[in-house]
Structures are given as structure tokens and as C-alpha cells.
Amino acid sequence: MANIIRKIKWFIIEHRVTYVIMLFLLLSIAFISLTPAYVLGFAIDTVISGKLNESTLVMIVGALVLLPVSRYALSFVYNYLSNKTAQTLTFQLRKRYLSHLFEMDSKFFELYDKGDLISRVTADLDSITQAASSIMEGIIFNVGVILFAIGVMGFSISWELTIISVTIMPIGLTILNIIRSKKRKYVKIHREIYAEMTEKVLESVEGQKTIRAYVQEENDLDKLKDAIDADIESWRYIVRYESWFNPLFEVVYGIAYVLAFVFGVYFILESKMSLGQLITFVSYVGMLYGPIIAISTIFTQINNATISIDRYDEIMTQVPEVHDDLTSKDIIDFKQIRFENVTFLYPFDKQPVIKDITFEINNGQTIGIVGPTGSGKSTLIRQLLREFNVTQGQIYIDNQRIDSYKIEDIRNLVGYVPQTHILFKRGVDENILIGKPNANVDMINKAIKIADFEKDLLFLQQGLHTMVGESGTTLSGGQKQRLSIARALIKEPEILILDDSLSAVDAKTEDTIIGHLIDFRKGKTNIIVAHRFSAVRDADVILVIENGQITQKGTHEELLKQDGWYKHQYIQQMTMK
Ligand SMILES: Nc1ncnc2c1ncn2[C@@H]1O[C@H](COP(=O)(O)OP(=O)(O)OP(=O)(O)O)[C@@H](O)[C@H]1O
């Protein structure tokens with residue numbers, strides 16, 4: 001419990017006034033809940049003793065009517081505040097989690113599945129916020145009811161009867177809590193299996209087109225069913241432990257009831273107690289049942305939430321390997337970038353993908369990068385985005401190590417068009433504006449022109465405002481590529497990286513875009529990774545990457561004079577035309 005409170009201490013402090021009001025409301029509701037039974041006992045004794053008069057009757061009836069009404073009013077206010085704070089807490093925890101994810105580097109995303117990350121911010125986070133609300137509501141209210149009830153039973157009715165009937169309850173409760181705490185390990189397993197199932201469902205939803213194209217619906221459903229079955233099975237263990245709970249406690253509680261009733265009748269016969277008092281007493285014993293069960297349930301919830309907190313914390317305490325420090329410098333422009341003996345190994349791989357790479361990029365140059373598939377071209381160029389730290393060697397910008405600059409500044413220098421195009425479920429214009437949110441219409445139009453997307457706009461029903469992405473208009477592969485290029489261009493980046501971004505456009509469109517880049521990006525740096533030689537033909541320098549190493553370097557003409565991969569592939573492409 002302390003763990004949960006510690007985790008959300010900042011939130012409690014921020015909303016302390018609301019919490020104090022809720023505390024006051026809960027104690028008032030607990031007190032009011034117990035009063036009608038007391039009034040009832042008093043009424044019975046007044047009737048039996050013949051002392052009932054008009055004013056006492058009005059008072060009794062008035063109390064019996066007003067108490068539930070005031071309870072309702074206080075509960076209404078409490079529930080409103082409680083729901084509001086729970087939602088605000090969920091929102092803020094989720095926001096913190098997502099902000100933290102944005103700070104993480106690529107290694108982190110290689111370590112955790114999407115489904116796992118989603119389940120931590122949904123199921124686990126819900127469990128934390130539920131427990132946080134329960135601590136307040138469940139413990140304060142129920143402990144309040146129990147203490148008030150025992151107080152009234154002991155002080156105003158009979159301590160002896162209270163001790164006889166109530167002391168047995170903690171014994172039952174202790175047994176139950178032991179059983180429930182053993183359940184914890186199954187909850188942990190369940191959470192992990194649930195995360196796996198989420199990942200599987202996500203994969204099926206994302207891959208539904210491929211699944212249908214290969215008529216793999218049955219197979220996929222079988223796998224999905226396995227994941228769901230595993231989830232149900234893990235939940236079954238938990239339910240088995242839960243099913244110990246109610247019957248066992250009811251036995252203990254039944255004994256308490258019988259003791260209260262038997263000894264109560266004895267005390268009446270001994271004239272130590274009135275009938276009205278016994279009715280009030282037995283009603284209070286009945287009223288203790290709910291709060292005691294509730295407290296035990298809350299402890300279970302807290303137990304589960306502790307597992308969820310561990311899972312949430314596991315993410316929140318991850319520190320990215322690529323991060324800024326206090327000495328990180330600003331950078332808005334550069335003269336030269338130098339790769340010096342750069343070797344890079346992906347976090348969970350055994351062999352480096354790029355090895356001992358040395359080359360320079362001068363500001364304003366266009367660099368072409370070609371090479372066989374899987375040779376390391378994307379990996380090489382993505383080092384400029386600071387997704388990972390290089391394994392050996394160093395990248396220098398104007399003679400300063402790249403990691404001495406602010407990560408955000410480095411990324412602001414670059415407009416990166418990746419191989420896989422991510423479009424958001426927004427309008428065409430909004431998708432482009434991600435590159436530069438404060439850009440005006442002229443800037444959008446210019447980016448669209450350079451990316452040669454103008455002609456496509458004519459076919460989109462609502463032009464720039466046409467919704468694209470998941471459930472919007474479906475764009476062709478080439479249109480998606482050009483939209484992504486426009487997004488990078490609107491940034492007017494110092495360095496534009498096209499990572500095989502012209503692969504889905506025809507040769508004429510490619511020519512147009514390359515021509516536009518030469519005209520509109522004078523003085524800026526372009527890096528073009530491509531399989532088609534026409535895309536890099538005009539580059540100032542072309543690098544040939546084979547098996548993670550630079551094997552050739554020069555202009556198109558220079559490379560054609562060398563007997564190497566470039567010339568062979570070029571001839572092959574030409575003869576295939
Ligand atoms: N995130 C990753 N983790 C581990 N290995 C990776 C990762 N990304 C790429 N690789 C591996 O690195 C090697 C180089 O991949 P890369 O994408 O850089 O090649 P490429 O030359 O750009 O290929 P292509 O021309 O097909 O796009 C490949 O063997 C690939 O399997």
C-alpha cells in the first residue's frame with residue numbers, strides 16, 4: 001500500500017484539497033450509514049417501554065427519512081470527486097508514460113514488444129488507479145464503518161457481546177489474506193500472458209491484409225485462440241484461489257452471527273440488554289460483513305497493483321543510452337560531417353552491420369549511397385539520427401563528436417524519409433505539417449510541388465483535407481512515398497535523407513523529384529539511398545556499401561571507370577530496361 005501511495009504522492013499533494021474533502025465526506029457517509037440501525041433500536045425500545053409520544057415519533061421518522069437523503073447527497077458529491085480524481089490520475093500517469101516512451105532510444109523499442117508496452121499503459125495502469133481509488137474509498141470508508149459500528153456496539157450496547165462476536169472475524173480475515181497473498185505469483189504470470197495476447201491481437205489486426213492474401217485466417221485464428229486460451233487458463237488459477245474466499249469467510253461470519261444472537265438472547269434474559277439493543281447489535285454485526293470483505297478485496301487489489309506498479313516502473317526507470325547531458329551543445333548549422341572508422345552492432349546482434357566506415361559529407365553536397373540489399377545502407381545513414389550510439393569509431397560534426405550536441409538539435413538538422421512510410425489518420429495537410437507544424441499554406445504547396453505530389457491532389461476528393469491513414473483514403477505506395485517526402489521537405493532541413501524513398505515511383509517522377517531537389521535545395525545537403533542508379537547519378541559523391549563496408553567511392557562517371565559492383569550493376573540495370 002505504501003508503495004502505491006509513494007508512487008502517486010506527487011498527485012495526492014497536487015490535489016490535497018480534494019482529498020481532504022473526500023476524506024471528510026467518506027467519514028460522514030460511514031457515520032450516517034450506521035445511524036438508521038441505531039434509530040431503529042431506539043424506536044423499538046421506545047415503543048416497548050410505552051414512552052412513544054408525538055414529538056419522539058416525528059423525530060424518529062424525520063431521522064429515518066433525512067439520513068438516507070443526506071447519505072445520497074454526500075455520496076453523490078463524493079462519487080463525482082472520486083471519479084474525477086481517478087480519471088485525472090489515469091490521464092496524468094498515461095501522459096508521463098507516453099512522454100517517457102518518446103525519450104527512449106531505439107534499443108529500448110527492440111527490447112519491448114508493442115503489445116507489452118500497450119498492456120502496461122492500459123491493464124496495468126487501470127489496476128494502479130483502481131487500487132489508488134480503493135485505498136481511499138475502501139480503507140477510509142470501511143475502516144470508518146467498522147470503528148463506528150464497534151464503538152456503538154461496545155460503548156452503547158455491550159462490550160462483552162462485542163468481544164464475543166467480533167474477535168473471531170480477524171482470524172477468518174487473516175486466513176483469507178494468506179490465501180490471497182499466495183495468489184500473487186499467478187497474477188504476475190497472468191499479466192505477462194495478457195501482454196503476449198495483446199501483442200498477438202495487435203499483430204493480427206495489423207497484418208490482416210497479408211493474412212487474408214495468403215488465406216491464413218484459420219491459422220491465425222488458431223494462434224489467436226491459443227493466446228486467448230493461455231490468458232483464460234492463467235486467469236483460471238486466480239479464480240481458483242479467489243473461490244476460497246467467500247465460502248470460508250462466510251463460515252467464520254456465520255459463527256459470529258450465531259454467537260451474537262445466542263449470547264444476546266441470554267443477556268436479554270439476564271436483563272443486561274433490551275430487545276431494541278439486540279436488534280441494533282445484530283444489524284451492526286450484519287453491517288460489518290461488507291466492509292470486512294471490502295477491506296480484504298482491497299488488499300488483493302493492492303497486491304495486484306503492486307505487480308502492475310513494478311511493470312509500470314520497469315518502463316519508467318529505463319534510461320536511454322542515447323541521451324543529452326548538461327554539457328550538450330546547440331547546433332543549427334554545420335560545415336562538415338565526418339564518419340571516422342565507424343562500426344555499429346545492433347543491440348541484440350552478434351556481428352556488426354557496418355564496419356570501419358570513414359567518409360565525409362560537406363555542407364551542400366548530395367551524397368548517393370548504393371549497394372546490395374542488406375549491406376547496411378540504412379543502418380549507416382540512420383546513425384545521423386542518433387537512434388543508437390555507434391559501437392566503435394566516431395562521427396564528428398565540425399570536428400566535435402556528434403554525441404556532444406543536443407539530440408533534438410541533431411534531429412532538427414535532418415529531414416528523414418524512411419523506407420516504411422507512416423501516415424497518421426489525419427488530413428493530407430496535417431500529415432505534411434508534422435514536419436513543421438507552424439508552416440503556412442505556401443510552404444505546404446512548395447513541399448508538395450518539390451515532392452511532385454501536386455498531380456495526385458487533383459484526384460483526392462477533398463484535396464489537401466482528404467483524410468489518409470488507417471481509415472482514410474488509401475494512397476498508392478508511390479503517393480505515400482511522395483507525401484512522406486513532402487513532410488520532410490517542409491522542414492527545409494539542412495540534411496535531407498531519402499532512404500530508398502523513390503523506389504515506388506516511376507522513372508519520370510523520379511527524374512522530376514531529383515530535378516526539383518537540385519533546383520530548390522541549392523546549398524543544402526541531400527543523402528539519397530537508392531537501388532536505381534538514376535536516383536544517384538547526379539550526386540557529388542556516391543558511396544558503394546557492400547557487406548557493411550565502403551568498397552567504392554566517387555562520382556557516377558568515376559565509378560563507371562572502375563571495375564567494381566557499381567559498374568556491373570549499372571550495366572545490368574541498363575540492359576534490363
Ligand atoms: N533493428 C535491427 N536489429 C538487428 N539487425 C538489424 C536491424 N535492422 C537491420 N538489421 C540488419 O542489418 C543488416 C543491414 O540492414 P540495412 O537495413 O541497413 O540494409 P540496407 O542495405 O539498407 O538494405 P536494403 O537495401 O534491403 O534496404 C541486415 O542484415 C539486417 O538484417
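This is a predicted model: local features need pLDDT of at least 70, side-chain atom pairs count only at pLDDT 80 or more; totals for chains, interfaces and linings use all residues.

Q: OK, where is Lys223 found?
A: Lys223 sits in helix α11, residues 217–242.

Q: What does UniProt list as "transmembrane region"?
A: The unreviewed entry lists residues 20–44, 56–74, 139–157, 163–179, 248–269 and 281–302. UniProt positions are in the numbering used here, feature names are shortened, and annotations may be inferred rather than shown by experiment.

Q: What does the chain do over residues 20–44 and 56–74?
A: Residues 20–44 are 100% helix and 0% strand, with the end C-alpha atoms 38 Å apart. Residues 56–74 are also 100% helix and 0% strand, and there the end C-alpha atoms are 26 Å apart.

Q: Now helix packing. At what angle do α4 and α6 pack?
A: About 145°, with the axes of α4 (residues 54–103) and α6 (residues 114–157) 10 Å apart. Axes are lines fitted to C-alpha atoms, for helices over the stretch in contact, and angles run from 0 to 180 degrees between N-to-C directions.

Q: Which residues of α4 and α6 meet?
A: On the α4 side they include Ala86, Leu89, Leu93 and Arg94, and on the α6 side Leu125, Ile128, Ala132 and Glu137 are among them. Contact here means C-beta atoms, placed from the backbone, within 7 Å. The residues of this contact of α4 with α6 divide into 8 nonpolar, 4 polar and 2 charged. For that count, Ala, Val, Leu, Ile, Met, Phe, Trp, Tyr, Cys and Pro are nonpolar, Asp, Glu, Lys and Arg are charged, and the others, Gly among them, are polar.

Q: What about α6 and α7?
A: The axes of α6 and α7 (residues 159–166) come within 7 Å and cross at roughly 145°. Ile150, Met153, Gly154 and Ile157 of α6 make the contact with Trp159, Leu161, Thr162 and Val166 of α7. The residues of that contact of α6 with α7 divide into 6 nonpolar, 2 polar and no charged.

Q: On to sheets. What's the order in the sheet of 4 strands?
A: That open sheet runs β2-β1-β4-β5, with antiparallel pairing. β2 (354–362) and β5 (400–401) stand at the edges with a single partner strand each, so one side of each has no neighbour in the sheet. Two strands pair if DSSP finds at least two bridges between them.

Q: How many bridges join β1 to β2 and to β4?
A: β1 (residues 336–344) has 6 bridges to β2, and 5 to β4 (residues 392–397). Val342 has Ile357 in β2 as its bridge partner, and Phe339 stands opposite Ile395 in β4.

Q: Which residues have a positive phi?
A: Asp356 is one of them, at about 50° although it is not a glycine, and Asp398 is another, near 45°. Asp356 is found in strand β2, while Asp398 is in the loop between β4 and β5.

Q: And the sheet of 6 strands, what's the order there?
A: β6-β7-β8-β3-β9-β10, an open sheet with mixed pairing. Its neighbouring strands are turned by 15° against each other on average, direction ignored. β3 (residues 366–370) and β8 (residues 525–529) run parallel, joined by 4 bridges, with Gly368 opposite Ile528 in β8.

Q: Which helix lies across β6 and β7?
A: Helix α19 (residues 477–489) does, running at about 175° to β6.

Methods
Residues are numbered from 1 along each chain as its sequence is written. Helices (H or I, at least four residues) and strands (E, at least two) are DSSP runs, numbered from the N terminus. Two residues are in contact if their C-beta atoms, placed from the backbone, lie within 7 Å.
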